[in-house]
Amino acid sequence: MKLTGNTILITGGTSGIGKGLAQHFLGLGNTVIICGRRNDRLEELKAQYPDLVTIQCDLTAAASRENLVRQAIHECPDLNILVNNAGIQLTGDLTNPIDLSALEREISTNLIAPIHLSSLVVEQLRGRPEPGIVNISSGLAYTPIAFMPVYCASKAAIHSWSLSLRKQLERTGISVYEIAPPSVDTELGHERRKDKDQTHGGMSVNEFIDEAMKALESNIFQVAIGQAASMLDQRDALFERLNANF
Ligand SMILES: NC(=O)c1ccc[n+]([C@@H]2O[C@H](COP(=O)([O-])OP(=O)(O)OC[C@H]3O[C@@H](n4cnc5c(N)ncnc54)[C@H](OP(=O)(O)O)[C@@H]3O)[C@@H](O)[C@H]2O)c1
């Protein structure tokens with residue numbers, strides 16, 4: 001993927017990985033559109049980066065997703081890249097009746113939104129120079145942590161869907177990338193933390209972005225970064241072992 005001269009819509013650019021990607025892509029001479037629910041964050045970023053296009057939206061709502069794509073294309077008709085980055089991470093107790101609204105919120109943010117948004121931009125991306133869709137999955141797509149069961153399942157589904165999307169879009173010329181981050185020090189999971197100043201911990205956002213950029217530039221369509229790589233390698237090795245006599 002060329003790293004300059006694109007018009008890129010990044011979901012969830014108000015913090016963490018999305019914000020880091022937006023800053024990095026802006027610095028490389030791309031047009032960047034970000035979205036998020038927190039308008040104060042969008043306004044702050046717009047003041048800091050006047051060229052940045054900001055759109056407030058709540059990705060859990062279909063109408064908001066449709067409006068996001070409509071507005072992004074209206075303001076930036078050269079849109080050629082979608083980065084499905086926004087996500088939330090909740091815990092879940094499977095020994096009791098599930099909190100249905102939390103379940104729906106997590107699945108709609110992490111899974112339904114990327115699938116829906118991608119389908120909405122295919123027509124726009126087709127025929128643009130070097131079009132692409134970048135999905136941010138997780139090392140937890142390959143090996144779940146049981147106390148975040150829905151989060152891990154949503155990321156496993158993103159990995160599976162990315163494979164199918166890549167296959168189906170082959171004919172359209174739209175490249176599909178999947179980047180699986182390890183633990184990265186962002187605000188992820190802030191809703192479930194009592195101490196609001198506590199961050200996620202892990203690799204710094206800048207270090208992660210450097211690795212992600214290298215993979216994108218080298219046209220590596222599926223990459224697991226840092227510890228996420230060993231989670232993928234171990235799963236693949238286990239699969240080989242389990243199926244050795246098949
Ligand atoms: N950090 C890690 O360790 C890690 C590891 C593996 C994968 N990931 C993945 O990386 C991606 C980015 O996460 P992050 O770590 O950067 O977390 P973050 O700092 O919490 O950022 C999440 C972003 O998603 C946006 N968002 C969440 N719900 C939304 C909604 N309903 N509508 C619109 N925007 C929404 C947030 O914006 P608003 O709050 O303003 O809406 C925020 O900009 C996620 O997909 C996450 O699963 C992260």
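# Ligand shell, pockets and cavities

The shell around the ligand holds 11 nonpolar, 15 polar and five charged residues, where Ala, Val, Leu, Ile, Met, Phe, Trp, Tyr, Cys and Pro count as nonpolar, Asp, Glu, Lys and Arg as charged, and the others, Gly among them, as polar. Please keep in mind that this is a predicted model, in which local features need pLDDT of at least 70, side-chain atom pairs count only at pLDDT 80 or more, and totals for chains, interfaces and linings use all residues. Residues are numbered from 1 along each chain as its sequence is written, and side-chain values use heavy atoms, with hydrogens and water left out.

**The ligand and its contacts**

- The ligand is surrounded by 31 residues, each with a heavy atom within 4 Å of it; the closest are Arg-37, Asn-85, Tyr-151, Val-184 and Thr-186.
- Tyr-151 brings a polar side-chain atom to 2.6 Å from an oxygen atom of the ligand, which is a polar contact (a pair of N or O atoms within 3.5 Å; within protein, one must be able to donate a hydrogen and the other to accept it, and residues adjacent in sequence count only if both atoms are side-chain atoms).
- Backbone atoms take part as well: a polar one of Asn-85 is 2.7 Å from an oxygen atom of the ligand, and a polar one of Pro-182 is 3.5 Å from an oxygen atom of the ligand.
- On its own the ligand has 880 Å² of accessible area, and the protein covers 97% of it; accessible areas come from the Shrake-Rupley method with a 1.4 Å probe, and for residues only the protein chains shown count as cover.

**The pockets**

- Where does the ligand sit? The space it takes is the largest pocket, and a molecule sits in a cavity or pocket if more than half of its atoms lie within 2 Å of its grid points.
- On a 1 Å grid over the protein atoms alone, a pocket is an open set with protein on both sides within 12 Å along at least five of seven lines, a cavity is a set of points where a 1.4 Å probe fits but cannot get out, and lining residues have an atom within 4 Å of a point.
- The largest pocket has a volume of about 930 Å³, with grid points joined across faces, edges and corners and the volume being the space filled by probe spheres set on the points.
- Its lining counts 47 residues, and Gly-87, Ile-88, Tyr-151, Thr-186 and Leu-188 lie nearest the centre.
- By class, that lining of the largest pocket has 17 nonpolar, 21 polar and nine charged residues.
- The second largest pocket holds about 160 Å³ of space, and α1 gives the most to its lining, with four residues.
- Residues lining the second largest pocket include Lys-19, Arg-41, Asp-185 and Thr-186.

**The cavities**

- There are two cavities of 30 Å³ or more in the structure.
- The largest cavity, with a volume of about 40 Å³, is lined by residues including Asn-85, Asn-135 and Lys-155.
- The second largest cavity has a volume of about 30 Å³, and its lining has five nonpolar, four polar and no charged residues.
- Helix α4 (100-125) gives the most to the lining of the second largest cavity, with four residues.

Notes: Helices (H or I, at least four residues) and strands (E, at least two) are DSSP runs, numbered from the N terminus.
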